[in-house]
Amino acid sequence: MRDKTTALRASIEVGSNFHCGWPVAVVLCGSGYSILLLLSAALGARQALAVPAFAAQTSQPCATCHIGSFGPQLTPQGRDFKLHGYIASDGKDHGLPVAATTQTSFTHTESSRRGGAAPDFRPNDNLAIDQVAAFYAGRITPEVGGFIKLRYSGVRQQGQVGSVDIRHARDGELFGQGVLWGLTANNSPTVQDPWNSTPAWGFPYVRSGLASTPTATPLVAGRLSQRVAGVGAYMLWNDLVYWEADVYKGLNTEALSWVGQVPFDGNDRTTTVMPYGRLALIRDWQSHHAEIGAFAMSANVIPGRNQTSGIGTRKTDTAFDATYQYISDPTKVTSDRLSAHATYIHETARTEASSTPALAQASLVHPLDTARVDISYSFAATVTPSIQYFRTTGTADVKYWGTPNGSPNSDGMIFEVAYVPWGKPDSPFANVNVRLTAQYVNYFTFNGSSTNTRGNNNFFFGFQTAMKL
Amino acid sequence: MPIRLATATAFLIGIVVAAAAATTITVGQHGMLFTQSAASLAKGDRIVFTNEDDVIHNIHIFGPSNDDSTDLGLQKPGATLSYKFDKSGGYRIRCNIHPSVKMAVTVK
(Lines give C-alpha, C1' and ligand atoms only; values in the text may rest on other atoms or scores of the structure.)
Protein backbone atom coordinates (compact mmCIF):
# COMPACT_ATOMS: atom_id res chain seq x y z
CA MET A 1 0.00 0.00 0.00
CA ARG A 2 2.81 2.38 0.87
CA ASP A 3 4.37 1.88 -2.56
CA LYS A 4 1.08 2.68 -4.27
CA THR A 5 0.55 5.76 -2.12
CA THR A 6 4.03 6.93 -3.01
CA ALA A 7 3.24 6.39 -6.65
CA LEU A 8 0.11 8.55 -6.35
CA ARG A 9 2.07 11.27 -4.62
CA ALA A 10 4.57 11.19 -7.46
CA SER A 11 1.75 11.43 -9.95
CA ILE A 12 0.25 14.44 -8.14
CA GLU A 13 3.63 16.14 -8.00
CA VAL A 14 4.00 15.68 -11.73
CA GLY A 15 0.54 17.19 -12.15
CA SER A 16 1.35 20.14 -9.93
CA ASN A 17 4.20 21.19 -12.19
CA PHE A 18 2.14 20.79 -15.31
CA HIS A 19 1.07 23.71 -17.38
CA CYS A 20 0.75 21.77 -20.59
CA GLY A 21 0.84 24.73 -22.94
CA TRP A 22 2.83 24.12 -26.13
CA PRO A 23 5.55 23.10 -26.62
CA VAL A 24 6.32 21.58 -23.26
CA ALA A 25 2.87 20.04 -23.07
CA VAL A 26 3.57 17.05 -25.29
CA VAL A 27 6.71 16.09 -23.42
CA LEU A 28 5.18 16.53 -19.97
CA CYS A 29 1.85 15.00 -20.88
CA GLY A 30 3.78 12.12 -22.35
CA SER A 31 5.48 11.66 -18.99
CA GLY A 32 2.12 11.79 -17.25
CA TYR A 33 0.67 9.10 -19.48
CA SER A 34 3.75 6.94 -18.90
CA ILE A 35 3.24 7.15 -15.15
CA LEU A 36 -0.43 6.30 -15.51
CA LEU A 37 0.38 3.32 -17.70
CA LEU A 38 3.00 2.15 -15.18
CA LEU A 39 0.44 2.49 -12.39
CA SER A 40 -2.10 0.57 -14.42
CA ALA A 41 0.35 -2.20 -15.15
CA ALA A 42 1.30 -2.43 -11.49
CA LEU A 43 -2.26 -3.12 -10.43
CA GLY A 44 -2.53 -6.63 -11.80
CA ALA A 45 -5.34 -8.34 -13.68
CA ARG A 46 -8.80 -8.80 -12.23
CA GLN A 47 -12.22 -7.37 -12.84
CA ALA A 48 -12.17 -3.66 -13.67
CA LEU A 49 -14.03 -1.39 -11.24
CA ALA A 50 -15.83 2.11 -11.09
CA VAL A 51 -14.99 4.91 -8.46
CA PRO A 52 -12.80 1.91 -7.98
CA ALA A 53 -12.85 2.02 -4.19
CA PHE A 54 -16.65 1.62 -4.22
CA ALA A 55 -16.36 -1.15 -6.77
CA ALA A 56 -13.71 -3.03 -4.81
CA GLN A 57 -15.76 -2.79 -1.62
CA THR A 58 -18.74 -4.43 -3.36
CA SER A 59 -16.94 -6.76 -5.81
CA GLN A 60 -18.98 -5.16 -8.56
CA PRO A 61 -17.88 -3.87 -11.95
CA CYS A 62 -18.31 -0.15 -12.68
CA ALA A 63 -21.26 -0.97 -14.95
CA THR A 64 -23.40 -2.14 -12.00
CA CYS A 65 -23.71 1.40 -10.67
CA HIS A 66 -22.85 3.59 -13.66
CA ILE A 67 -24.47 3.90 -17.07
CA GLY A 68 -21.67 3.66 -19.60
CA SER A 69 -19.43 1.87 -17.03
CA PHE A 70 -17.93 5.13 -15.75
CA GLY A 71 -19.26 7.68 -13.27
CA PRO A 72 -21.08 9.76 -12.46
CA GLN A 73 -24.31 8.73 -14.21
CA LEU A 74 -26.05 6.33 -11.83
CA THR A 75 -28.12 3.24 -12.49
CA PRO A 76 -30.90 2.30 -10.04
CA GLN A 77 -28.29 0.17 -8.20
CA GLY A 78 -25.91 3.12 -8.00
CA ARG A 79 -28.64 5.28 -6.48
CA ASP A 80 -29.48 2.52 -4.04
CA PHE A 81 -25.85 2.22 -2.97
CA LYS A 82 -25.59 5.99 -2.46
CA LEU A 83 -28.86 6.30 -0.55
CA HIS A 84 -27.82 3.43 1.72
CA GLY A 85 -24.76 5.43 2.73
CA TYR A 86 -21.99 3.92 0.58
CA ILE A 87 -21.56 1.03 3.03
CA ALA A 88 -22.83 -2.00 1.08
CA SER A 89 -20.02 -4.52 0.98
CA ASP A 90 -19.03 -8.02 -0.02
CA GLY A 91 -17.75 -8.57 3.52
CA LYS A 92 -14.11 -8.90 2.52
CA ASP A 93 -11.25 -6.69 3.65
CA HIS A 94 -10.09 -4.63 0.69
CA GLY A 95 -7.93 -2.21 2.71
CA LEU A 96 -8.61 1.51 2.86
CA PRO A 97 -11.18 2.56 0.24
CA VAL A 98 -8.84 4.96 -1.52
CA ALA A 99 -8.85 5.64 -5.25
CA ALA A 100 -7.26 8.04 -7.72
CA THR A 101 -8.51 9.57 -10.93
CA THR A 102 -6.93 11.69 -13.63
CA GLN A 103 -8.37 13.75 -16.43
CA THR A 104 -6.27 14.95 -19.33
CA SER A 105 -7.62 16.68 -22.41
CA PHE A 106 -7.14 18.53 -25.64
CA THR A 107 -9.30 21.60 -26.33
CA HIS A 108 -9.77 23.44 -29.59
CA THR A 109 -11.99 26.54 -29.67
CA GLU A 110 -13.12 27.99 -32.98
CA SER A 111 -11.53 31.32 -32.07
CA SER A 112 -8.33 31.68 -30.14
CA ARG A 113 -8.51 33.44 -26.79
CA ARG A 114 -6.26 36.47 -26.70
CA GLY A 115 -3.69 36.25 -23.93
CA GLY A 116 -4.16 32.50 -23.60
CA ALA A 117 -7.02 30.20 -22.67
CA ALA A 118 -5.77 30.36 -19.05
CA PRO A 119 -2.54 31.48 -17.36
CA ASP A 120 0.40 29.60 -18.92
CA PHE A 121 -1.74 28.18 -21.72
CA ARG A 122 -1.67 29.00 -25.41
CA PRO A 123 -4.52 30.96 -27.02
CA ASN A 124 -5.81 27.73 -28.59
CA ASP A 125 -5.22 24.00 -29.11
CA ASN A 126 -4.15 23.21 -25.58
CA LEU A 127 -3.29 19.95 -23.94
CA ALA A 128 -4.01 19.99 -20.22
CA ILE A 129 -3.97 17.83 -17.16
CA ASP A 130 -7.37 19.06 -16.05
CA GLN A 131 -7.40 17.21 -12.80
CA VAL A 132 -5.60 14.69 -10.62
CA ALA A 133 -7.76 13.56 -7.73
CA ALA A 134 -7.62 11.24 -4.76
CA PHE A 135 -10.76 9.81 -3.16
CA TYR A 136 -11.71 8.23 0.09
CA ALA A 137 -14.81 6.43 -1.14
CA GLY A 138 -16.58 3.78 0.90
CA ARG A 139 -17.07 2.67 4.47
CA ILE A 140 -15.76 4.90 7.21
CA THR A 141 -17.37 2.85 9.98
CA PRO A 142 -19.80 -0.10 9.63
CA GLU A 143 -22.68 2.42 9.82
CA VAL A 144 -21.17 5.47 8.08
CA GLY A 145 -19.87 5.80 4.55
CA GLY A 146 -18.58 8.64 2.48
CA PHE A 147 -17.15 10.16 -0.59
CA ILE A 148 -14.32 12.65 -0.03
CA LYS A 149 -12.41 14.08 -2.97
CA LEU A 150 -9.11 15.97 -2.97
CA ARG A 151 -8.05 17.31 -6.32
CA TYR A 152 -5.37 19.25 -8.08
CA SER A 153 -6.53 21.36 -11.01
CA GLY A 154 -3.91 21.65 -13.71
CA VAL A 155 -5.82 24.54 -15.28
CA ARG A 156 -6.16 26.61 -12.10
CA GLN A 157 -2.87 25.16 -10.84
CA GLN A 158 -4.37 24.75 -7.42
CA GLY A 159 -5.13 21.97 -4.95
CA GLN A 160 -8.67 21.87 -3.53
CA VAL A 161 -11.04 19.88 -1.41
CA GLY A 162 -13.49 18.58 -3.99
CA SER A 163 -16.94 17.12 -3.45
CA VAL A 164 -17.70 15.65 -0.03
CA ASP A 165 -20.73 13.59 0.97
CA ILE A 166 -20.72 11.60 4.21
CA ARG A 167 -23.79 9.56 5.12
CA HIS A 168 -25.51 7.37 7.63
CA ALA A 169 -28.63 5.49 6.53
CA ARG A 170 -31.07 2.99 8.02
CA ASP A 171 -33.99 0.93 6.79
CA GLY A 172 -37.24 0.96 8.73
CA GLU A 173 -40.99 1.09 8.42
CA LEU A 174 -43.41 4.01 8.25
CA PHE A 175 -47.20 3.80 7.82
CA GLY A 176 -46.85 0.08 7.18
CA GLN A 177 -44.41 0.52 4.29
CA GLY A 178 -40.64 0.34 4.01
CA VAL A 179 -38.70 3.53 4.56
CA LEU A 180 -35.06 4.31 4.04
CA TRP A 181 -33.90 7.33 5.98
CA GLY A 182 -30.51 8.91 6.31
CA LEU A 183 -28.34 11.84 7.26
CA THR A 184 -25.85 13.60 5.02
CA ALA A 185 -23.02 16.06 5.56
CA ASN A 186 -21.83 17.58 2.28
CA ASN A 187 -20.23 20.64 0.76
CA SER A 188 -22.23 21.41 -2.35
CA PRO A 189 -25.99 21.68 -2.90
CA THR A 190 -27.22 18.70 -5.00
CA VAL A 191 -23.95 16.75 -4.67
CA GLN A 192 -25.91 14.50 -2.33
CA ASP A 193 -28.69 13.95 -4.85
CA PRO A 194 -28.95 10.47 -6.41
CA TRP A 195 -30.38 11.62 -9.77
CA ASN A 196 -28.35 13.08 -12.60
CA SER A 197 -31.08 15.59 -13.39
CA THR A 198 -29.82 17.90 -10.64
CA PRO A 199 -26.86 20.21 -11.30
CA ALA A 200 -23.93 18.70 -9.39
CA TRP A 201 -23.88 15.45 -11.37
CA GLY A 202 -25.70 16.59 -14.49
CA PHE A 203 -24.61 16.25 -18.11
CA PRO A 204 -22.01 17.02 -19.40
CA TYR A 205 -20.12 14.84 -16.95
CA VAL A 206 -16.81 16.16 -18.22
CA ARG A 207 -16.01 19.33 -20.12
CA SER A 208 -13.15 21.62 -20.98
CA GLY A 209 -11.76 23.93 -18.34
CA LEU A 210 -10.16 26.02 -21.08
CA ALA A 211 -13.22 26.96 -23.14
CA SER A 212 -15.48 29.91 -22.37
CA THR A 213 -18.81 29.16 -20.73
CA PRO A 214 -21.84 31.45 -20.38
CA THR A 215 -21.66 33.96 -17.53
CA ALA A 216 -25.14 33.61 -16.03
CA THR A 217 -25.63 30.55 -13.81
CA PRO A 218 -28.19 30.00 -11.06
CA LEU A 219 -27.02 29.78 -7.48
CA VAL A 220 -27.95 26.12 -7.08
CA ALA A 221 -26.17 25.15 -10.30
CA GLY A 222 -22.65 25.29 -8.94
CA ARG A 223 -22.09 28.83 -7.68
CA LEU A 224 -21.70 27.52 -4.14
CA SER A 225 -19.91 24.26 -4.90
CA GLN A 226 -17.32 23.43 -2.25
CA ARG A 227 -17.81 26.92 -0.77
CA VAL A 228 -20.39 25.84 1.81
CA ALA A 229 -20.83 23.15 4.44
CA GLY A 230 -24.19 21.55 5.04
CA VAL A 231 -26.08 18.85 6.86
CA GLY A 232 -29.38 17.29 5.97
CA ALA A 233 -31.82 14.46 6.38
CA TYR A 234 -33.51 12.41 3.68
CA MET A 235 -36.14 9.74 3.40
CA LEU A 236 -37.30 7.35 0.68
CA TRP A 237 -40.73 5.98 1.56
CA ASN A 238 -42.18 2.89 -0.11
CA ASP A 239 -39.74 3.31 -3.03
CA LEU A 240 -42.13 6.04 -4.15
CA VAL A 241 -41.54 9.36 -2.39
CA TYR A 242 -38.12 10.93 -1.81
CA TRP A 243 -37.86 13.87 0.58
CA GLU A 244 -34.82 15.78 1.72
CA ALA A 245 -34.08 18.91 3.74
CA ASP A 246 -30.62 20.43 4.22
CA VAL A 247 -29.18 23.54 5.71
CA TYR A 248 -25.93 25.08 4.44
CA LYS A 249 -23.59 27.66 5.88
CA GLY A 250 -21.23 29.66 3.69
CA LEU A 251 -17.54 29.31 4.52
CA ASN A 252 -15.70 32.41 5.64
CA THR A 253 -12.59 33.71 3.90
CA GLU A 254 -10.19 31.77 6.08
CA ALA A 255 -12.07 28.49 5.62
CA LEU A 256 -12.33 29.04 1.86
CA SER A 257 -8.58 29.50 1.65
CA TRP A 258 -8.06 26.40 3.76
CA VAL A 259 -10.09 24.21 1.37
CA GLY A 260 -8.30 25.66 -1.65
CA GLN A 261 -11.02 28.03 -2.89
CA VAL A 262 -10.25 31.56 -4.01
CA PRO A 263 -12.30 33.69 -1.58
CA PHE A 264 -12.96 36.52 -4.03
CA ASP A 265 -13.53 35.09 -7.50
CA GLY A 266 -16.50 34.93 -9.86
CA ASN A 267 -18.55 32.83 -7.46
CA ASP A 268 -21.15 34.25 -5.12
CA ARG A 269 -19.97 34.95 -1.57
CA THR A 270 -21.94 34.26 1.54
CA THR A 271 -21.48 33.29 5.15
CA THR A 272 -25.19 33.05 5.89
CA VAL A 273 -27.33 29.99 6.58
CA MET A 274 -29.21 28.68 3.55
CA PRO A 275 -32.08 26.19 3.38
CA TYR A 276 -32.34 23.56 0.64
CA GLY A 277 -35.30 21.26 0.03
CA ARG A 278 -36.03 18.40 -2.33
CA LEU A 279 -39.08 16.30 -3.17
CA ALA A 280 -39.34 13.58 -5.81
CA LEU A 281 -41.67 10.84 -6.89
CA ILE A 282 -40.11 7.71 -8.34
CA ARG A 283 -41.43 4.63 -10.03
CA ASP A 284 -39.64 1.46 -11.12
CA TRP A 285 -41.38 -1.07 -13.30
CA GLN A 286 -39.85 -3.92 -15.31
CA SER A 287 -37.03 -2.32 -17.27
CA HIS A 288 -38.00 1.28 -16.57
CA HIS A 289 -37.14 3.87 -13.95
CA ALA A 290 -38.82 7.28 -13.81
CA GLU A 291 -38.40 10.21 -11.47
CA ILE A 292 -40.06 13.60 -11.35
CA GLY A 293 -39.16 16.09 -8.70
CA ALA A 294 -38.48 19.58 -7.50
CA PHE A 295 -35.82 21.29 -5.43
CA ALA A 296 -35.39 24.77 -4.05
CA MET A 297 -32.78 26.90 -2.32
CA SER A 298 -32.62 30.45 -1.03
CA ALA A 299 -29.64 32.50 0.14
CA ASN A 300 -28.38 35.98 0.83
CA VAL A 301 -25.22 36.40 -1.23
CA ILE A 302 -22.88 39.01 -2.58
CA PRO A 303 -22.75 38.28 -6.33
CA GLY A 304 -19.29 37.22 -7.34
CA ARG A 305 -18.28 39.53 -10.17
CA ASN A 306 -18.92 42.66 -8.13
CA GLN A 307 -21.97 43.43 -10.25
CA THR A 308 -23.84 44.85 -7.24
CA SER A 309 -20.84 46.71 -5.87
CA GLY A 310 -20.81 44.44 -2.87
CA ILE A 311 -24.48 44.92 -2.00
CA GLY A 312 -26.31 41.85 -0.74
CA THR A 313 -28.73 40.01 -2.99
CA ARG A 314 -31.39 37.49 -2.04
CA LYS A 315 -31.36 34.66 -4.55
CA THR A 316 -34.18 32.13 -4.57
CA ASP A 317 -33.98 29.16 -6.92
CA THR A 318 -36.95 26.93 -7.67
CA ALA A 319 -36.30 23.94 -9.87
CA PHE A 320 -38.05 20.99 -11.45
CA ASP A 321 -36.34 17.88 -12.77
CA ALA A 322 -37.11 14.55 -14.36
CA THR A 323 -35.19 11.37 -15.11
CA TYR A 324 -36.11 8.39 -17.25
CA GLN A 325 -34.01 5.26 -17.71
CA TYR A 326 -34.67 2.16 -19.77
CA ILE A 327 -32.54 -0.93 -19.19
CA SER A 328 -32.91 -3.43 -22.00
CA ASP A 329 -32.00 -6.48 -19.86
CA PRO A 330 -31.92 -5.86 -16.09
CA THR A 331 -30.06 -9.14 -15.47
CA LYS A 332 -27.03 -7.94 -17.44
CA VAL A 333 -25.10 -4.87 -16.33
CA THR A 334 -23.72 -4.63 -19.85
CA SER A 335 -27.13 -4.41 -21.49
CA ASP A 336 -28.02 -1.33 -23.55
CA ARG A 337 -29.40 1.59 -21.55
CA LEU A 338 -31.34 4.67 -22.54
CA SER A 339 -31.18 7.63 -20.21
CA ALA A 340 -32.86 11.04 -20.38
CA HIS A 341 -32.84 14.02 -18.04
CA ALA A 342 -34.61 17.37 -17.91
CA THR A 343 -33.94 20.26 -15.55
CA TYR A 344 -35.58 23.66 -15.26
CA ILE A 345 -34.41 26.27 -12.74
CA HIS A 346 -36.04 29.63 -12.13
CA GLU A 347 -34.00 32.12 -10.12
CA THR A 348 -35.11 35.42 -8.69
CA ALA A 349 -32.24 37.64 -7.55
CA ARG A 350 -33.50 40.60 -5.53
CA THR A 351 -30.85 43.19 -4.70
CA GLU A 352 -31.34 45.29 -1.58
CA ALA A 353 -32.75 48.73 -2.33
CA SER A 354 -29.93 51.23 -2.05
CA SER A 355 -29.07 54.78 -2.85
CA THR A 356 -25.63 53.65 -4.00
CA PRO A 357 -24.88 55.61 -7.18
CA ALA A 358 -23.41 52.52 -8.80
CA LEU A 359 -26.84 50.87 -8.69
CA ALA A 360 -29.00 53.94 -9.22
CA GLN A 361 -29.70 53.03 -12.85
CA ALA A 362 -29.78 49.30 -12.30
CA SER A 363 -32.74 47.02 -11.95
CA LEU A 364 -33.08 45.50 -8.48
CA VAL A 365 -34.74 42.26 -9.55
CA HIS A 366 -33.04 39.85 -11.94
CA PRO A 367 -34.96 36.75 -12.97
CA LEU A 368 -33.03 33.96 -14.66
CA ASP A 369 -34.41 30.80 -16.24
CA THR A 370 -32.30 27.85 -17.27
CA ALA A 371 -33.42 24.65 -18.94
CA ARG A 372 -31.46 21.56 -19.95
CA VAL A 373 -32.56 18.39 -21.67
CA ASP A 374 -30.24 15.52 -22.47
CA ILE A 375 -30.56 12.01 -23.78
CA SER A 376 -27.99 9.26 -24.10
CA TYR A 377 -27.92 5.64 -25.22
CA SER A 378 -25.26 3.35 -23.87
CA PHE A 379 -24.39 0.44 -26.15
CA ALA A 380 -23.22 -2.58 -24.15
CA ALA A 381 -22.00 -0.22 -21.41
CA THR A 382 -19.12 0.65 -23.74
CA VAL A 383 -20.03 3.34 -26.27
CA THR A 384 -22.35 6.12 -25.10
CA PRO A 385 -23.44 8.89 -27.46
CA SER A 386 -25.22 11.81 -25.78
CA ILE A 387 -26.88 15.02 -26.86
CA GLN A 388 -28.03 18.01 -24.82
CA TYR A 389 -29.89 21.23 -25.47
CA PHE A 390 -29.37 24.01 -22.92
CA ARG A 391 -30.90 27.45 -22.65
CA THR A 392 -30.54 30.36 -20.25
CA THR A 393 -32.72 33.47 -20.44
CA GLY A 394 -33.17 36.53 -18.24
CA THR A 395 -33.84 40.25 -18.14
CA ALA A 396 -31.09 42.38 -19.63
CA ASP A 397 -29.02 44.57 -17.30
CA VAL A 398 -25.52 45.60 -18.36
CA LYS A 399 -24.37 46.40 -14.83
CA TYR A 400 -25.62 43.16 -13.34
CA TRP A 401 -24.75 40.57 -15.98
CA GLY A 402 -21.69 42.28 -17.34
CA THR A 403 -22.30 41.08 -20.90
CA PRO A 404 -21.79 43.42 -23.90
CA ASN A 405 -25.52 44.08 -24.42
CA GLY A 406 -26.59 43.30 -20.86
CA SER A 407 -28.43 40.10 -21.76
CA PRO A 408 -27.64 36.87 -19.91
CA ASN A 409 -29.18 34.76 -22.69
CA SER A 410 -27.31 31.75 -24.00
CA ASP A 411 -28.35 28.55 -25.68
CA GLY A 412 -26.73 25.75 -27.56
CA MET A 413 -26.17 22.05 -27.89
CA ILE A 414 -23.58 19.53 -26.74
CA PHE A 415 -22.78 16.43 -28.76
CA GLU A 416 -20.67 13.75 -27.13
CA VAL A 417 -19.48 10.20 -27.60
CA ALA A 418 -17.80 8.37 -24.73
CA TYR A 419 -15.91 5.09 -25.01
CA VAL A 420 -15.20 2.94 -21.95
CA PRO A 421 -13.46 -0.34 -22.74
CA TRP A 422 -13.46 -1.81 -19.22
CA GLY A 423 -15.60 -1.71 -16.09
CA LYS A 424 -17.63 -4.74 -17.14
CA PRO A 425 -17.81 -8.22 -15.52
CA ASP A 426 -15.35 -9.72 -18.01
CA SER A 427 -12.90 -6.82 -18.18
CA PRO A 428 -9.21 -7.79 -17.94
CA PHE A 429 -7.72 -5.17 -15.63
CA ALA A 430 -8.05 -5.03 -11.88
CA ASN A 431 -9.18 -1.84 -10.21
CA VAL A 432 -8.61 0.27 -13.31
CA ASN A 433 -10.89 1.91 -15.80
CA VAL A 434 -10.51 4.57 -18.48
CA ARG A 435 -12.88 6.74 -20.51
CA LEU A 436 -12.24 8.49 -23.79
CA THR A 437 -14.59 11.37 -24.60
CA ALA A 438 -15.08 13.35 -27.78
CA GLN A 439 -17.34 16.37 -27.29
CA TYR A 440 -18.46 19.33 -29.36
CA VAL A 441 -20.18 22.35 -27.82
CA ASN A 442 -22.14 24.53 -30.24
CA TYR A 443 -23.64 27.86 -29.14
CA PHE A 444 -26.58 29.50 -30.89
CA THR A 445 -26.51 32.44 -28.47
CA PHE A 446 -23.67 33.30 -26.11
CA ASN A 447 -23.94 35.93 -23.37
CA GLY A 448 -26.76 37.75 -25.13
CA SER A 449 -25.30 37.72 -28.62
CA SER A 450 -26.43 35.55 -31.49
CA THR A 451 -23.71 36.87 -33.79
CA ASN A 452 -20.06 35.96 -33.43
CA THR A 453 -20.96 33.05 -31.17
CA ARG A 454 -19.06 30.49 -33.24
CA GLY A 455 -15.78 31.52 -31.68
CA ASN A 456 -16.91 29.98 -28.41
CA ASN A 457 -17.75 26.63 -29.97
CA ASN A 458 -15.23 24.04 -28.95
CA PHE A 459 -13.98 20.51 -29.49
CA PHE A 460 -12.91 18.63 -26.38
CA PHE A 461 -11.13 15.31 -26.29
CA GLY A 462 -10.80 13.89 -22.80
CA PHE A 463 -8.95 10.91 -21.36
CA GLN A 464 -9.90 9.88 -17.84
CA THR A 465 -8.47 7.15 -15.68
CA ALA A 466 -9.73 5.70 -12.41
CA MET A 467 -7.94 3.22 -10.19
CA LYS A 468 -8.20 1.73 -6.71
CA LEU A 469 -5.02 2.25 -4.70
CA MET B 1 -47.65 -60.74 10.04
CA PRO B 2 -50.57 -58.44 9.08
CA ILE B 3 -49.72 -56.31 12.12
CA ARG B 4 -46.06 -56.02 11.05
CA LEU B 5 -47.11 -55.18 7.49
CA ALA B 6 -49.52 -52.54 8.69
CA THR B 7 -46.85 -51.03 10.95
CA ALA B 8 -44.29 -50.91 8.16
CA THR B 9 -46.80 -49.41 5.76
CA ALA B 10 -47.80 -46.75 8.30
CA PHE B 11 -44.11 -45.95 8.90
CA LEU B 12 -43.40 -45.55 5.19
CA ILE B 13 -46.48 -43.43 4.69
CA GLY B 14 -45.33 -41.27 7.61
CA ILE B 15 -41.94 -40.75 5.96
CA VAL B 16 -43.54 -39.87 2.64
CA VAL B 17 -45.96 -37.46 4.29
CA ALA B 18 -43.15 -35.84 6.29
CA ALA B 19 -41.00 -35.51 3.18
CA ALA B 20 -43.88 -33.98 1.25
CA ALA B 21 -44.54 -31.51 4.05
CA ALA B 22 -41.04 -29.99 3.79
CA THR B 23 -41.25 -27.99 0.59
CA THR B 24 -38.57 -26.18 -1.31
CA ILE B 25 -39.23 -23.02 -3.25
CA THR B 26 -36.87 -21.36 -5.70
CA VAL B 27 -36.33 -17.60 -5.60
CA GLY B 28 -34.24 -15.94 -8.26
CA GLN B 29 -32.11 -12.83 -8.08
CA HIS B 30 -33.19 -11.31 -11.37
CA GLY B 31 -32.38 -7.79 -12.47
CA MET B 32 -31.12 -6.83 -8.98
CA LEU B 33 -34.40 -7.89 -7.37
CA PHE B 34 -35.70 -11.09 -5.82
CA THR B 35 -38.33 -12.66 -8.06
CA GLN B 36 -40.76 -12.43 -5.15
CA SER B 37 -40.83 -9.91 -2.35
CA ALA B 38 -42.42 -12.18 0.29
CA ALA B 39 -42.94 -15.87 1.06
CA SER B 40 -44.87 -17.84 3.65
CA LEU B 41 -43.27 -21.15 4.68
CA ALA B 42 -43.72 -23.95 7.16
CA LYS B 43 -41.01 -24.86 9.64
CA GLY B 44 -38.38 -26.98 7.89
CA ASP B 45 -39.08 -25.58 4.43
CA ARG B 46 -36.21 -24.48 2.27
CA ILE B 47 -35.53 -21.68 -0.22
CA VAL B 48 -33.11 -22.15 -3.08
CA PHE B 49 -31.68 -18.85 -4.28
CA THR B 50 -30.58 -18.71 -7.91
CA ASN B 51 -28.39 -15.87 -9.12
CA GLU B 52 -29.75 -15.02 -12.56
CA ASP B 53 -27.77 -11.77 -12.78
CA ASP B 54 -24.32 -11.40 -14.27
CA VAL B 55 -22.76 -9.99 -11.09
CA ILE B 56 -21.96 -11.36 -7.63
CA HIS B 57 -24.61 -11.31 -4.89
CA ASN B 58 -24.30 -11.91 -1.14
CA ILE B 59 -27.47 -13.13 0.58
CA HIS B 60 -27.84 -12.38 4.27
CA ILE B 61 -30.72 -13.77 6.32
CA PHE B 62 -31.83 -11.93 9.47
CA GLY B 63 -34.23 -13.47 12.01
CA PRO B 64 -36.37 -14.72 13.44
CA SER B 65 -34.90 -13.15 16.58
CA ASN B 66 -32.91 -9.93 16.51
CA ASP B 67 -29.69 -11.83 17.21
CA ASP B 68 -30.12 -14.40 14.44
CA SER B 69 -28.14 -13.65 11.32
CA THR B 70 -26.81 -15.96 8.63
CA ASP B 71 -24.53 -14.72 5.85
CA LEU B 72 -24.68 -17.17 2.96
CA GLY B 73 -21.52 -15.65 1.45
CA LEU B 74 -20.70 -14.52 -2.05
CA GLN B 75 -22.76 -16.03 -4.83
CA LYS B 76 -21.35 -15.93 -8.34
CA PRO B 77 -23.52 -15.49 -11.43
CA GLY B 78 -25.45 -18.69 -12.13
CA ALA B 79 -24.73 -20.16 -8.68
CA THR B 80 -27.43 -21.46 -6.32
CA LEU B 81 -27.55 -21.37 -2.53
CA SER B 82 -30.12 -22.86 -0.23
CA TYR B 83 -31.28 -22.22 3.31
CA LYS B 84 -33.54 -24.26 5.56
CA PHE B 85 -35.90 -22.32 7.82
CA ASP B 86 -35.93 -24.28 11.07
CA LYS B 87 -37.48 -21.71 13.38
CA SER B 88 -40.88 -20.08 13.34
CA GLY B 89 -41.10 -16.33 13.02
CA GLY B 90 -40.35 -13.48 10.65
CA TYR B 91 -37.18 -13.28 8.57
CA ARG B 92 -35.71 -10.47 6.48
CA ILE B 93 -33.49 -11.44 3.59
CA ARG B 94 -31.30 -9.00 1.71
CA CYS B 95 -28.18 -8.84 -0.39
CA ASN B 96 -25.26 -7.26 1.43
CA ILE B 97 -24.08 -5.76 -1.86
CA HIS B 98 -27.36 -4.65 -3.41
CA PRO B 99 -29.78 -3.26 -0.81
CA SER B 100 -32.64 -3.41 -3.33
CA VAL B 101 -32.43 -7.22 -3.36
CA LYS B 102 -34.67 -7.88 -0.36
CA MET B 103 -37.63 -10.03 0.69
CA ALA B 104 -39.58 -11.00 3.78
CA VAL B 105 -40.26 -14.59 4.87
CA THR B 106 -42.79 -15.74 7.45
CA VAL B 107 -42.33 -19.24 8.90
CA LYS B 108 -45.28 -20.79 10.74
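Start in chain A by selecting E9(A) and strand E10 (residues 313-327), which pair in the antiparallel sense over 14 bridges. Strands here are DSSP runs of E with at least two residues, helices are runs of H or I with at least four residues, and both are numbered from the N terminus. Two strands count as paired if DSSP finds at least two bridges between them. Within this pairing, pick Glu291(A); its bridge partner in E10(A) is Thr323(A).

The model is predicted: local features need pLDDT of at least 70, side-chain atom pairs count only at pLDDT 80 or more, and totals for chains, interfaces and linings use all residues. Residues are numbered from 1 along each chain as its sequence is written, while chains are lettered from A and ligands numbered from 1 in the order in which they are written.

Move to the turn: E8(A) and E9(A) form a hairpin with two residues between them, and Gln286(A) in the turn has a positive phi of about 45°.

Next, two further positive phi values. Most residues other than glycine have a negative phi, and most peptide bonds are trans. Select Asn238(A), in the loop between strand E6 (228-237) and strand E7 (241-250) of chain A. Asn238(A) is not a glycine, yet its phi is positive, about 60°. Asn238(A) counts as partly exposed because it has 14 C-beta neighbours inside 10 Å; the partly exposed class lies between buried (20 or more other C-beta atoms within 10 Å of the residue's own) and exposed (12 or fewer), with C-beta atoms placed from the backbone.

Go to Ser59(A), in the loop between helix H3 (52-58) and H4 of chain A. Its phi is near 55°, again positive in a residue other than glycine. Ser59(A) is buried, with 22 other C-beta atoms within 10 Å.

For the cis peptide bonds, select Gly71(A) and Pro72(A): the bond between them is cis, with omega near 5°. Pro72(A) is in the loop between helix H4 (62-65) and helix H5 (76-83). In chain B, the bond from Gly63(B) to Pro64(B) is also cis, with omega near 5°. Pro64(B) lies in the loop between strand E4 (57-62) and strand E5 (69-75) of chain B.

Finish at Arg151(A), in strand E3 (residues 144-153) of chain A. Arg151(A) is buried, with 24 other C-beta atoms within 10 Å. Ala133(A) is 18 residues from Arg151(A) in sequence, and their C-alpha atoms are 4.0 Å apart.
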